[in-house]
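Here's a quick briefing to read with the model open beside you.

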Amino acid sequence: MNKILLPALLVVVHLSAETYVIRNATIMTVAKGTLKGSIVVKDGKISEVGEKVMEPAGAKIIDAAGQYVIPGIIDCHSHIAADGGINEGSVSVSSMVDIKDVINPEDIAIYRALAGGVTTANILHGSANPIGGQTLPLKMRWGKDAQGMIFEGATPGIKFALGENPKRAGNPAGGRGAPPTVPARYPATRMGVEDTIREAFNEAKVYKAEWDAYDASAAKGGHGIPPRKDLKLEPLKEVLEGKRYVHAHCYRADEILMLLRVADEFGFKIRTLQHVLEGYKVAKEIAAHGAGASTFSDWWSYKVEAFDAIPYNAAIMQKKGVIVSLNSDDAELMRHLNSEAGKAMKYGGLSETEALAMVTLNPAKQLGIDNRVGSIEAGKDADLVIYDKFPLSDYAKVQKVLIDGTIYFDRDNEVSGRAAKQAEKQKLIDKEKQNQQRPQQAPTRRQGQ
Amino acid sequence: MKQSIAKVLTALLVCRAIALAQSHPAVAISNAKIVTVSGPVIAKGTVVVRNGLIEAVGENVPVPADAMLVEGEGLTVYPGLIDGLSTWGQPYTAPAASTTVTAGRGGRGATTTTTTTPPAAAVSTVGPARGPEDRPATTSWLKIADDVTFTDRRIESARSAGFTTAVTFPTRGIFAGQGAIIDLLSDAKPGEMVLVPAAGQYISLSRGGGGGLGGGFPSALMGVISYIRQIYLDAAHYQLVKDAYAKDPRGVERPVYDRALEGVLESKRILLPANRLVEIDRMLRFAAELKQPAILYGGRETFRPEAAALLKKFNTPVLLSMRWPEKPRDADPEDVESLRTLETRDKAASAPMALQSAGVKYALYSDGLDQPRDLQRAVKKAIDAGLSREDAIRALTLSPAEIFGVADRLGSIEKGKIGNLVVTRGDLFDDHTKVEMILVDGRKYVPAPDAAPTGGRGATTDPGVNR
């Protein structure tokens, strides 16, 4: 009874992951080609993959005859599962804010993404500022609390943004929703965006030097007062130290080159370029810097800086040696990243494996979590998606999704559980109506409240 | 000789002290049922209140000759009710400390706190804040004890519902300032009303600078959280620097006085808002990270077992809003509400019961309700949802006193405690119960004639009050 009442929170109680054998499936491992065979899942990990496997005694059998298994989809750019706004747009450098503080594990978009085969998503701050907030990848462990969503051990990130968004193009002077008295926020040009990033890193360098000096003296037994901890500069110091990844929102070739040069000059790396619709024009330079590129399959022209896009972008960058992923940036698109990957086969002639890698292994590499996820290999996390049909097709439906060897989405359960949930809901609606029909004693209302 | 002079002097002093208090003579209520809260109910007994304090309570307590006798046959005496989070007693009509927004919608953009907009005047910065260093929406140094006044007309209406005490907080901004525990007296000097001048720092997560993009820092929830975190880091650093300077100022740069940090350092506990389960989880962890003794307020989803378990685990008390969520009256009938929203409305009033059984320390608070009828009905709703009458009374007396560390003075009928009592005919919170008399600091009040909670229809509404 209660379980129906609290479907989101109680149904999925994971004590310890079961041992599973997924049999007779077409397994697209991404790392080692495609094969027909079985996968053994034990203690949350993939313990064996092959045409023939040793089935542990007592393992639960999932018969996937005629079905396909792929690694869990990884979305390198998402804004779901965050409470209270994803943009701290009031300042041009908002590195003090952290998505980690506002994780909302009850966002239904998580469950929907899960139903679309997504097992990990990089939750990014918005693009209102040249330097935005701190970010982190989450696993879509629907039913767990905020801490339980966090991808353990993953390197955290920070959002940068170039171009129209940070210069607030198309917004009133003080920003959207601001009263007219609010003055315009710096920067208003692309030059200003570059300047803002430079200024911030100049500040961060001074800050880092201050702390390094203090740490050195403390190590020698010094008893001085530590410098003030500045939450804005702390993450930039981590970027300089290589402990935090930069995910930079960008569109135009010129601004991409600008950012790569600034990063080289200050001695840090851009981990991924996000959107990067003109990446095909500067793919060689991107590859030389070692940045990854996370782009859309065919979404463009929604603003001036997004006009010069082509559907071959992903394939071209890939062929020039860039690690490329396809992302959603959107809760709806997130639910069919598999078919987004499929488009890279049509535009650019990528192989099935190469296309699928763009939503699995490649984003895993970009996020530095490819030792854990992104492909079906023994020893990796058992983050698996079972499709009824060829997964790069529009017609494929997700049947089951496992994360850490636990089933978090099961299409049969979902569909069969709907009637009960609907009935439960109707009951509450009826109960409320009934109560309302009684002589209503409304609370005394006061004017001006 | 000397001794006798001293005796005379002492006697004179005592007389004078008594004379001061005797404008409010001793009161004895005899033959009444006494709900002590801290101990067993006395079926028939006497309470004596003198000089604002409970002088004696028990079955066989003699009535002092000089006391005004109240024949208590058929009456019940309770400790005065305490509103654990209030804005009563403040000179302006502070918008209620409301955290009650329409329940549910766990998704993106879900509201965390209130709809109250901090008035621009109360925000200390000039122009939009450019970062934490501008201390946006912060008046942490403010002590509402310095501003309390009996002229707030809600005092009389709340008292008529049996409330004798309120923990009243400033509520504007992110760091609003420190609340005070006050007695709901009328015609008293503000100083007489104050029991505890600094009861803790009220923190809200309402967007500081005016909301939206460009209205100044912080504009998003994560901005507010990061701001609060920075303030506590700064406060710790400020303390270090100040201490070092105090030790030896020679050759050391003078630390810059920062009233925002002073206010934070002076606060011995913080109040954090949390309604949804996610918020309860978030704020409990946040308080632990800040290493501040905390009280959560709001508590709408504390009826969920996970929420109660968390509060228990973190050993953190919660102030529960008595403004139970209701279906918005102007709701679009075509709107499909989520199961969670429906469930929250259905179960919210069972929260006290859930917290009670989980062993979580909690108290109820008015959250903007101030009419006796509404307050009484709100408590009744929790009782109807399974809370025992005794527990309901405790949640409005001894429990808030314990949460705010004043159980040695307030919250029960015990010898030596402050003489705050409610005398009713019938059980408190019953529809037809009549509050006969209220004692606040031993001063006798009768409920306003039109404010008595008779439970009937058409009880008082005075839209003009407190404008």
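In this predicted model, helix H4 (residues 221-247) of chain B packs against helix H5 (residues 259-266) of chain B at an angle of about 90°. Their axes are 9 Å apart. Angles of 65 to 115 degrees count as roughly perpendicular, so H4(B) and H5(B) are roughly perpendicular to each other.

**Where the two helices touch**
- On the H4(B) side, the contact is made by B:Ile231, B:Tyr232, B:Asp234, B:Ala235, B:Tyr238 and B:Gln239.
- Facing them in H5(B) are B:Ala260, B:Leu261, B:Val264 and B:Leu265.
- Sorted by class, the contact of H4(B) with H5(B) has 8 nonpolar, 1 polar and 1 charged residues.

**A hairpin in chain B**
- Strand S2 (residues 42-50) of chain B and strand S3 (residues 53-58) of chain B run antiparallel and pair over 5 bridges.
- If you want one pair to click on, B:Val47 has B:Val57 in S3(B) as its bridge partner.
- S2(B) and S3(B) form a hairpin, with 2 residues between them.
- Have a look at B:Asn51 in the turn: it has a positive phi of about 50°.

**An open sheet in chain B**
- As a reminder, strands of a sheet pair through backbone hydrogen bonds, either parallel or antiparallel.
- Here 4 strands of chain B make an open sheet, ordered S6-S7-S9-S10, and the pairing is mixed.
- Strand S6 (81-86) and strand S10 (194-196) of chain B sit at the edges with a single partner strand each, so one side of each has no neighbour in the sheet.
- On average, neighbouring strands of this sheet are turned by 25° against each other, direction ignored.
- Inside the order, strand S7 (residues 163-168) of chain B pairs with strand S9 (residues 180-183) of chain B in the antiparallel sense, over 4 bridges.
- The bridge partner of B:Val167 in S9(B) is B:Ile181.

**Chain A as a whole**
- Chain A has 13 helices and 16 strands.
- Its C-alpha atoms fill a box of roughly 70 × 60 × 55 Å along the principal axes.
- For 449 residues, a compact globule would have a radius of gyration near 22 Å, and chain A, with 24 Å, agrees with that.

- The average pLDDT of chain A is 92, and 91% of the residues score at least 70.
- Over residues 1-15 of chain A, though, the pLDDT is below 50.
- That stretch of chain A still has 17 contacts in the model beyond near neighbours in sequence.

Technical notes. Residues are numbered from 1 along each chain as its sequence is written. Chains are lettered from A and ligands numbered from 1 in the order in which they are written. This is a predicted model: local features need pLDDT of at least 70, side-chain atom pairs count only at pLDDT 80 or more; totals for chains, interfaces and linings use all residues. Two strands pair if DSSP finds at least two bridges between them. Axes are lines fitted to C-alpha atoms, for helices over the stretch in contact, and angles run from 0 to 180 degrees between N-to-C directions. Angles under 35 degrees count as roughly parallel, over 145 as roughly antiparallel, 65 to 115 as roughly perpendicular and the rest as oblique. Two residues are in contact if their C-beta atoms, placed from the backbone, lie within 7 Å. Ala, Val, Leu, Ile, Met, Phe, Trp, Tyr, Cys and Pro count as nonpolar, Asp, Glu, Lys and Arg as charged, and the others, Gly among them, as polar. pLDDT is the predictor's confidence in each residue, from 0 to 100. The radius of gyration is taken over C-alpha atoms; the globule rule is 2.2 Å times the number of residues to the power 0.38.
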